[in-house]
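Hi there,

Here is the structure I promised to pass on to you. Have a look at it first, and then read my notes below with the picture open beside you.

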Amino acid sequence: TGNLSKEQLSSFNSNGFLVIESFYTLEEILEMRSRMVELLDGFDASSSASIFSTKNQQKLTDDYFFESAEKVSFFFEEKAFGDDGRLRQPKELSINKVGHALHEIDPIFKKFSSSEKISSIFCSLGYKRPVVMQSMYIFKQPGIGGEVVPHQDNSFLYTEPPSCTGLWLALEDATIINGCLWAIPGSHKNGLVRRFIRDDNGVHFDQCSPFYDQKEFVPLEVKAGTLIIIHGDLIHQSFENKSTTSRHALSLHVVDTDGYKWEKNNWIQRKTAPEPLYVA
Ligand code: AKG
């Protein structure tokens with residue numbers, strides 16, 4: 001049995017998300033943020049110019065992106081570069097995210113991504129052999145932090161049948177002003193609308209995005225240390241950060257690997273099999 005109460009499970013089942021305040025202490029949060037300062041310090045910004053965008057997917061078709069599935073890789077904000085091709089701000093204020101195997105490769109992020117508390121959530125949700133398939137340290141930089149368009153996580157991390165759950169941990173306070181998450185409550189009940197497919201030409205969506213009425217989204221404003229559990233079919237998004245404060249978050253995506261098959265046309269194709277959080 002896991003750590004989620006009956007009330008929490010029933011709220012998760014009806015809304016498609018669950019907010020847990022003070023999941024990690026501010027001390028623990030600081031440990032992750034400090035570790036990221038070190039990782040950024042060691043990153044040579046002239047070594048790569050891979051940009052992450054949720055709109056211009058053709059930019060994602062490079063090997064740097066595919067190989068990041070098993071590495072700690074750095075992706076720039078679309079608006080990080082000036083017309084001269086140079087960074088407009090220092091590198092630590094230009095990165096969109098770091099991913100996608102922080103949880104595996106970095107000892108600090110590994111500790112917080114595979115803790116007893118994390119495992120216990122998946123126990124509560126009935127996972128038999130949960131695997132963290134990707135981790136992202138998301139910066140949502142002041143002034144240039146890009147939007148994340150409405151999506152479902154099962155589109156990107158597809159198993160047959162679908163089993164993705166997202167964990168989104170606030171490493172800083174997230175507000176409407178600095179680009180918090182927004183979600184359509186209950187939207188996970190309508191099923192998966194499209195998939196993000198990898199083939200010989202790169203990656204693409206198999207369908208256009210449906211139109212979403214912005215009035216249906218509710219903001220999830222949370223304090224640093226709060227964890228948001230996100231159902232794989234929940235429609236969620238975040239807007240550009242036009243404020244002067246960043247909005248750091250750690251995002252983990254977990255699938256079940258017992259009774260569920262990882263699709264061969266997902267963008268993540270692992271060379272080495274990832275370790276499960278536990279085997280039930
Ligand atoms: C996800 O991790 O699935 C997200 O949608 C993150 C969006 C954000 O942090 O702005």
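Let's begin with the side chain of S94: one of its polar atoms lies 3.2 Å from the backbone oxygen of Q89. Please keep in mind as you read that this is a predicted model. You will find S94 in the loop that runs between β2 (72-76) and β3 (95-100). Is S94 buried or exposed? S94 is buried, and its relative accessible area is 0%. If you set aside the neighbours within four places in sequence, the residues in contact with S94 are F76, E77, A80, L87, Q89, Q141 and I144.

S246 sits in the loop between β13 and β14 (249-256). S246 is buried too, with a relative accessible area of 18%; the cut-off for buried is under 20%. Its side chain makes a polar contact of 2.8 Å with the side chain of E172. Leaving out neighbours within four places in sequence, S246 is in contact with F139, K140, P142, E172, N178 and N241.

Now for the ligand. Which residues come nearest to the ligand? Of the 13 residues around it, those are H151, W168, S238, R247 and S251.

- S238 has a polar side-chain atom 2.6 Å from an oxygen atom of the ligand.
- R247 has an N or O atom in its side chain 2.8 Å from an oxygen atom of the ligand.
- H253 has a polar side-chain atom 3.3 Å from an oxygen atom of the ligand.

On its own the ligand would expose 290 Å², and the protein buries 96% of that. The elements giving two or more residues to the shell around the ligand are β4 (130-138), β5, β13 and β14.

Two of those strands, β5 and β13, also belong to an open sheet of four strands, in the order β5-β13-β8-β11 with antiparallel pairing. β5 (148-151) and β11 (218-220) stand at the edges with a single partner strand each, so one side of each has no neighbour in the sheet. On average, neighbouring strands here are turned by 25° against each other, if direction is ignored. H151 stands opposite H236 in β13, and H151 is one of the residues that come nearest to the ligand.

A hairpin of two residues joins β9 to β10, and F196 has F205 in β10 as its bridge partner.

Last, a helix. In α6 (residues 116-124), the buried residues include I118, S119, S120, I121, F122 and S124. Among the elements that cover the buried residues of α6 are α1 (6-15), α5 (107-113), β4, β7 (165-170), β12 (227-231) and β14. After α6 comes G126, with a positive phi near 85°.

Happy exploring, and write back with any questions!

Definitions and conventions
Residues numbered from 1 in each chain as written. Predicted model: local features only at pLDDT ≥ 70, side-chain atom pairs only at ≥ 80, totals over all residues. Heavy atoms only, no water. Pairing = 2+ DSSP bridges. Axes fitted to C-alpha atoms, helices over the stretch in contact; angles between N-to-C directions. Buried < 20%, exposed > 50% of the residue type's maximum accessible area, 1.4 Å probe, protein only. Polar contact = N/O pair within 3.5 Å; in protein donor to acceptor, adjacent residues only side chain to side chain. Contact = heavy atoms within 4.5 Å. Near = heavy atom within 4 Å. Areas by Shrake-Rupley, 256 points an atom, 1.4 Å probe, with all protein chains shown as cover.
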